[in-house]
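Keep the sequence and the 3D view open while reading.

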Amino acid sequence: MNFEGKVIKYGDNVDTDVIIPARYLNTIDKKELASHCMEDLDATFGERVKSCNIIVGGNNFGCGSSREHAPLAIKESGVTLVIAKSFARIFYRNAINIGLAIYECPEAAEDIADGDCITSDSDTGVIRNETTGKTYTTKPFPPFIAKIIADGGLMESIKKGNIR
Amino acid sequence: MSMTMTQKILAAHAGVDHVEAGELILVSLDRVLGNDITSPVAIREFNKLGYTDVYDKEKVTMVMDHFAPNKDIKAAIQCKMCRDFCAEKEVVHFYDVGQMGVEHALLPEKGLVVSGDVVIGADSHTCTYGALGAFSTGVGSSDMACGMATGKAWFKVPSAIQFVLKGTPKPHITGKDVILHIIGKIGVDDALYRSMEFTGEGAHALSVTDRLTICNMAIEAGAKNGIFEVDEKTLAYIAERSERMPVVYKADEDAVYDEVIEIDLSEIKPTVAFPHLPENTHTTDEIDEIKIDQVVIGSCTNGYYENIKEAAEIMRGRKVAKGVRAIIIPATQEIYLRAMKEGLLAVFIEAGCAVSTPTCGPCLGGHMGILAPGERAVATTNRNFVGRMGDPTSEVYLASPAVAAASAILGRIASADEL
């Protein structure tokens with residue numbers, strides 16, 4: 001899979017309460033969840049995500065609650081890829097299960113600046129910062145994870161018979 | 001080949017003699033849990049799979065605790081979706097208003113978890129049951145859906161940090177101070193992907209309640225699970241509540257740990273985590289006057305009988321400070337009833353507190369005590385992220401029941417010794 005887009009950059013410990021505040025968890029409607037994504041952290045997110053579809057975070061991205069609503073809200077906002085120095089483990093698992101691509105790449109997450117243009121190929125794990133010309137290499141997804149993301153999530157993958 | 005406690009439980013549930021850190025394994029599940037927020041998403045995913053039944057009607061468990069009693073129409077619809085699903089699939093352990101409690105206090109109390117179990121729950125604080133020597137961890141709704149359908153989940157076998165506890169805590173120092181002290185020491189992501197295993201004479205000296213509190217917040221250090229060595233206290237607690245036989249796993253003498261950290265419980269002081277991370281800890285003797293607007297005593301971290309009792313004894317004969325709203329939420333119906341029969345609820349009400357039926361409510365900013373802009377709360381809950389209990393400019397200070405009760409009386413963050 002190839003990714004291309006502009007970056008919205010955040011710091012360390014972006015938690016699930018700011019990704020999607022609990023006061024909105026009285027719905028499972030993806031569009032409604034997406035409309036409140038990041039609002040307690042960054043009031044401009046809803047506007048910026050229209051032209052920026054890659055999030056870059058610091059350490060422990062997605063820490064806190066197990067709410068799958070968090071990666072769902074990010075994905076439904078139009079974000080195609082999240083790169084961070086590290087991810088909280090439940091968020092990491094949830095992101096893959098719902099088909100949101102995520103890369104753990106400390107060097108890239110450190111260097112890449114807000115507004116930079118990024119391209120990436122998940123087969124090779126190469127991330128290229130088109131703004132600065134720098135490239136980074138992360139471990140590519142193992143085939144079964146790549147398949148889940150390409151299928152659009154774990155359930156779709158199971159339905160298609162790609163997970164046995 | 002040596003293994004940690006966690007690795008032994010996982011190996012047994014994967015049907016193999018030995019596992020190693022980093023290995024990917026498929027394990028059988030003894031319980032699959034969800035609540036009124038995460039289950040609706042899981043049900044939607046489950047229905048995509050085309051299974052007609054859940055894998056085990058006795059092992060799938062749902063607790064309506066987060067926005068229940070229903071806080072609004074949307075929350076009511078979500079609970080109804082869970083209720084209808086459980087009725088249709090004949091799920092035995094469905095806990096609705098009137099029976100429910102805060103899930104992680106409820107499951108141990110009902111005897112639904114025993115030592116040696118593997119439990120997944122679509123709630124990050126599922127790690128609480130490590131207090132009983134089980135492997136339990138939080139997952140998302142898709143994993144819950146797969147678990148409900150197949151009774152299986154895949155895991156990467158974690159390595160572990162061993163915490164050797166020694167000494168005895170001073171009066172009013174409880175599990176909350178211990179875990180906040182540890183998180184303050186190691187940080188909110190140091191245990192990422194790993195187990196926190198608690199051992200040593202100090203661990204055995206702690207009550208089961210304190211162990212539940214400590215394991216509950218393992219996730220706040222990033223851990224996959226927290227787990228205590230099983231002893232007579234664990235077995236006595238389980239024997240009172242469950243007919244199932246606990247299976248005791250002990251770490252091998254030569255088990256390999258990433259780190260071994262020694263904690264002297266006798267040196268721990270009343271500890272408070274400042275906004276907006278559980279690692280921002282300070283002891284009460286080193287802080288300036290911090291005025292507060294609200295106190296919440298309850299949650300899966302500190303809504304247990306022992307906690308309610310301690311808070312009541314501190315508040316007995318005293319009055320909540322003017323301008324402070326104190327909200328007491330016993331975690332389960334059993335705790336609520338016992339507190340009522342023993343007159344503890346009367347103590348709270350006479351002190352000027354509000355006492356609520358069990359709910360997660362204010363802990364996650366759901367209902368029953370939401371903060372206005374700029375307001376400050378001391379809470380015995382587990383998270384103090386931005387906007388956690390209400391407006392994004394409000395603040396949550398995490399503390400023990402003793403500190404929360406003393407703070408309610410004094411109107412500022414304070415230890416019980418200051419009364």
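This is a predicted model: local features need pLDDT of at least 70, side-chain atom pairs count only at pLDDT 80 or more; totals for chains, interfaces and linings use all residues.

Residues are numbered from 1 along each chain as its sequence is written, while chains are lettered from A and ligands numbered from 1 in the order in which they are written.

## Chain B as a whole

Chain B has 14 helices and 18 strands. Helices (H or I, at least four residues) and strands (E, at least two) are DSSP runs, numbered from the N terminus. The radius of gyration of chain B is 20 Å, close to the 22 Å that the globule rule gives for 419 residues, so chain B is as compact as a globular protein of that length. That radius is taken over C-alpha atoms, and the globule rule is 2.2 Å times the number of residues to the power 0.38.

Along the principal axes, the C-alpha atoms of chain B fill a box of roughly 60 × 50 × 40 Å. Of its 419 residues, 60% count as buried. A residue is buried if 20 or more other C-beta atoms lie within 10 Å of its own, exposed if 12 or fewer, and partly exposed in between, with C-beta atoms placed from the backbone.

Contacts come next. Two residues are in contact if their C-beta atoms, placed from the backbone, lie within 7 Å. Take the contacts in chain B with a separation of 6 or more: 77% of them join residues 24 or more positions apart.

## Two domains in chain B

The domain assignment gives domain 1 (5-264) and domain 2 (271-418) of chain B. Such bounds come from an automatic or database domain assignment. The C-alpha centres of the two domains of chain B lie 24 Å apart. Across the boundary, 34 residues of domain 1 of chain B are in contact with 33 residues of domain 2 of chain B.

Which elements give two or more residues to the domain 1 side? They are α4 (103-109), α6 (175-186) and α8 (208-216) of chain B. The largest share, 6 residues, comes from α6(B). By class, this side has 12 nonpolar, 15 polar and 7 charged residues. Ala, Val, Leu, Ile, Met, Phe, Trp, Tyr, Cys and Pro count as nonpolar, Asp, Glu, Lys and Arg as charged, and the others, Gly among them, as polar.

## Where chain B meets chain A

Here 40 residues of chain B are in contact with 35 residues of chain A. On the chain B side, α2 (39-49), α3 (73-88) and α5 (141-150) each give two or more residues. The largest share, 6 residues, comes from α2(B). The chain B side divides into 18 nonpolar, 11 polar and 11 charged residues.

Look at α2(B) itself. Its buried residues are S39(B), P40(B), V41(B), A42(B), I43(B), E45(B) and F46(B). They pack against α4 (69-76) and α8 (154-159) of chain A, and also against β2 (31-35), β3 (60-63), α3 and α5 of chain B. After α2(B) comes G50(B), with a positive phi near 85°.

## Paired strands

Two strands pair if DSSP finds at least two bridges between them. The table lists pairs from both chains.

| Strands | Sense | Bridges | Bridge partners |
|---|---|---|---|
| β15(B) and β16 (354-355) of chain B | parallel | 2 bridges | I328(B) and V355(B) |
| β1 (2-9) of chain A and β5(A) | antiparallel | 5 bridges | F3(A) and S120(A) |
| β5(A) and β6 (126-129) of chain A | antiparallel | 4 bridges | S120(A) and I127(A) |

Strand β5 (residues 117-121) of chain A has alternating side chains. β5(A) and β6(A) form a hairpin with 4 residues between them. In the turn, G125(A) has a positive phi of about 80°.

## A loop residue in chain A

M38(A) is found in the loop between α2 (30-34) and α3 (45-48) of chain A. Is M38(A) buried or exposed? M38(A) is buried, with 25 other C-beta atoms within 10 Å. Leaving aside neighbours within four places in sequence, M38(A) is in contact with V18(A), I19(A) and F45(A). The C-alpha atoms of M38(A) and I74(A) are separated by 8.4 Å, although these residues are 36 residues apart along the chain.
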